[in-house]
Amino acid sequence: MHYAIGGRAIFAGLDLTVPRGRITAIMGPSGGGKTTLLKLITGQLFADRGSVRVFGQDVATLDRRALYALRQRLGLLFQSGALLTDMDVFDNVAFPVREHTDLPETLLRKLVLTKLQAVGLRGAAHLLPAELSGGMGRRVALARAIVLDPEVLMYDEPFVGLDPISLGVILRLIKQMNSALGITSIVVSHDVRELATIADESYLLLGGRIAAAGTPEQLRTSSSPAVQQFMTGNAEGPVAFNYPAPDYATQLLADGDE
Amino acid sequence: MNNAARSDNYLLDGLRRLGSVALFLLPLLGQALPALARPDLVVKQIYNAGARSLIIVMLSGLFVGMVLALQGYDLLQRFGSEEALGSAAALGLLRELAPVVTALLFAGRAGTALTSEIGLMRATDQLTAMEIMAVDPLRYVAAPRFVGGVIAMPLLTAIFSLIGLYGAQLIGVQLMGVDKGAFWSQTQGTVVLHDVSEGMVKSIVFGVVCSLIAVHEGYHAEPTAEGVGLATTRTVVASSVLILLLDYVLTAAFL
């Protein structure tokens with residue numbers, strides 16, 4: 001699968017399969033196209049060449065109705081939470097249910113409270129998104145993502161900016177969603193250590209292709225210098241840390257005006 | 001860049017925007033009927049765009065009517081026909097001032113609110129989140145706001161006319177001493193349905209234009225703080241210019 005933004009190739013010959021019912025970790029440096037990959041899976045973007053198949057359907061060939069039907073089987077947890085700011089926590093979680101089903105209000109209430117209980121925020125049902133901390137917002141977003149029991153749940157950078165307790169809770173939740181509900185999970189992140197504790201499979205994306213694949217343990221013991229650099233967090237190595245730029249000395253010594 | 005090239009760019013940019021707005025109208029109209037099937041969403045937007053603009057529209061209507069009476073009286077008494085004040089004020093308000101001034105106020109009060117609200121929803125991923133949840137933001141967010149604006153505008157215009165006429169009566173009859181009976185009977189005698197419908201048609205057209213621009217600018221705003229600010233400015237500028245331009249066209253068509 002190939003994909004480029006503004007001429008810059010994000011993916012060049014990426015070939016990746018996510019097995020059903022397991023937790024797959026997708027790791028890679030920032031700007032490596034991890035979020036773009038999720039957008040390709042949900043059909044917000046389409047591949048330039050090659051195809052993205054979800055549940056055996058090529059996303060690019062689906063019409064609007066089929067795409068929306070497909071999306072109902074997917075859940076995506078945004079890094080920012082992306083809660084609807086004009087309604088409270090309860091209504092946010094209830095939103096997909098109200099839009100897609102005719103569930104009576106009493107049943108809806110029970111469903112939403114169950115999901116909020118699962119993320120430990122049943123008591124916060126009446127709060128507005130603006131009154132929540134970042135970690136709480138993400139947990140509400142998680143409750144919203146699972147309220148319609150999706151078959152696949154995608155997490156976009158779920159560990160960023162969380163305190164250790166929230167982090168532990170989110171990790172446990174991801175694990176529980178998978179083991180208790182059998183949800184296929186795709187976790188996109190660059191937090192190697194956290195991912196290692198929950199992932200069944202992991203892929204390391206570097207330069208638009210898969211640099212390594214296997215269990216987190218296999219990745220850790222990989223002999224590839226690029227993989228080692230990423231796993232140990234070294235700025236020096238085959239993976240370029242600096243954004244492409246003209247020669248440092250030349251630019252500093254050049255006359256001020258360009 | 002020389003001046004010719006720059007003005008060329010402005011022209012092209014303006015045309016591109018106009019085209020983009022016009023193209024946005026089609027999917028929006030396509031979603032207008034489904035939006036009407038969700039009266040809860042539309043009523044909320046009529047409240048936001050209409051009810052919340054009531055105070056400013058009523059206040060402006062009152063003063064526009066009062067000024068109209070002062071100026072009109074001064075002019076008419078030179079010809080000794082102060083009794084015509086009622087019809088002059090009523091025609092001026094119904095056909096011209098109420099739809100235009102209300103639309104300008106609407107663009108500034110409700111249009112900017114719409115643009116910045118939708119723009120911020122875009123900037124904070126809320127629209128994307130809806131798409132992922134298989135809820136079309138065009139139907140859930142854009143269409144109810146568009147329909148709400150289109151419904152609110154004629155209502156606000158009617159209220160503006162009413163209050164304006166009351167203001168004119170207040171100054172003309174109470175202050176300037178025009179005979180009350182003459183004021184109202186002249187008004188009643190001159191105003192015909194055609195005058196009322198001219199104002200109403202104008203206000204509906206302005207409602208479509210203002211709501212369309214506001215929703216379009218918000219929906220396509222650059223998802224940054226600066227982008228939302230720029231989009232809000234564009235809403236006011238584009239709406240105001242188009243209101244005055246279309247007012248001329250519509251007036252010419254109705255005469």
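User: In which sense do strand 7 (residues 152-156) of chain A and strand 8 (residues 184-189) of chain A pair?

Analyst: This is a predicted model: local features need pLDDT of at least 70 and side-chain atom pairs count only at pLDDT 80 or more, while totals for chains, interfaces and linings use all residues. Residues are numbered from 1 along each chain as its sequence is written, and chains are lettered from A and ligands numbered from 1 in the order in which they are written. Strands (E, at least two residues) and helices (H or I, at least four) are DSSP runs numbered from the N terminus, and two strands pair if DSSP finds at least two bridges between them. Strand 7 and strand 8 of chain A share five bridges, and the sense of their pairing is parallel.

User: Which are the edge strands of the open sheet of six strands in chain A?

Analyst: The order of this sheet is 6-7-8-3-9-10, with mixed pairing. An edge strand pairs on one side only, and here the edge strands are strand 6 (74-77) and strand 10 (209-214) of chain A.

User: At what angle do helix 4 (residues 85-123) and helix 6 (residues 137-175) of chain B pack?

Analyst: Axes are lines fitted to C-alpha atoms, for helices over the stretch in contact (C-beta atoms, placed from the backbone, within 7 Å). Angles run from 0 to 180 degrees between N-to-C directions. The axes of helix 4 and helix 6 of chain B lie 7 Å apart, and the angle is about 145 degrees.
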